[in-house]
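Here are some notes to read alongside the model, written for someone who is new to looking at protein structures. Please keep the display open while you go through the points.

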Amino acid sequence: MTTKILADEINLPTVTGAATSFSSATVVRLVNTDSVSRIVTIVETQGGTGVGSMTMPPNSVELVVKTASHCVFANSALVRGTKVGFTN
């Protein structure tokens, strides 16, 4: 499986009121560029109820599958993300 990049990478917002859906992405590639662990949180809508959160270790990459309307933010702008898909 190959990752298909569908948008420019951005620094994640750091508050729920600014959380992003990555243009209604259902798969997001996240990278923690910091030298310490960071928390990534998914909310139902911008400023909405939390769906869940996870710790990203330093200098790590994760692919997150989410509902298109769900939004993402982190506790540091050193976590970056982009909308992706998969291709064969």
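The points below go from the whole chain to single residues.

1. This is a predicted model, in which local features need pLDDT of at least 70 and side-chain atom pairs count only at pLDDT 80 or more, while totals for chains, interfaces and linings use all residues. Residues are numbered from 1 along each chain as its sequence is written, and side-chain values use heavy atoms, with hydrogens and water left out.

2. The protein chain has zero helices and eight strands, where helices (H or I, at least four residues) and strands (E, at least two) are DSSP runs numbered from the N terminus. Read from the N terminus on, its elements run β-β-β-β-β-β-β-β.

3. As for overall dimensions, a compact globule of 88 residues would have a radius of gyration near 12 Å, and the protein chain agrees because its own value is 12 Å; this radius is taken over C-alpha atoms, and the globule rule is 2.2 Å times the number of residues to the power 0.38. Along the principal axes, the C-alpha atoms fill a box of roughly 35 × 30 × 20 Å.

4. Of the 88 residues, 38% count as buried, a word that means under 20% relative accessible area, with exposed being over 50% and partly exposed in between (1.4 Å probe, protein chains only). Among contacts (heavy atoms within 4.5 Å) between residues at least 6 apart in sequence, 77% join residues at least 24 apart.

5. The largest nonpolar core has twelve residues, including Phe22, Val40, Ile42 and Val72; such a core is a set of buried Ala, Val, Leu, Ile, Met, Phe, Trp, Tyr and Cys residues joined through side-chain atoms within 4.5 Å. Strands E3 (27-32), E4 (38-43) and E7 (71-74) each supply at least two residues of this core. Leaving aside residues up to four places away in sequence, valine 72 touches Leu12, Phe22, Val40 and Ile42, among others.

6. Strand E3 deserves a careful look, since five of its six residues are buried and the strand is therefore largely enclosed by the rest of the structure. E3 pairs in the antiparallel sense with strand E6 (residues 61-65) over five bridges, two strands being called paired if DSSP finds at least two bridges between them. Within this pairing, valine 27 stands opposite valine 65 in E6. E3 also pairs with E8 in the antiparallel sense over five bridges, and there the bridge partner of valine 31 is arginine 80.

7. Is threonine 82 buried or exposed? Threonine 82, which is found in strand E8 (residues 79-87), is buried, with a relative accessible area of 5%.

8. Serine 60 lies in the loop between strand E5 (50-56) and E6, and at 12% relative accessibility it counts as buried. The side chain of serine 60 reaches the backbone oxygen of proline 57 at 2.7 Å. Not counting residues up to four places away in sequence, serine 60 touches Leu30, Val31 and Asn32.

Technical notes: A polar contact is a pair of N or O atoms within 3.5 Å; within protein, one must be able to donate a hydrogen and the other to accept it, and residues adjacent in sequence count only if both atoms are side-chain atoms.
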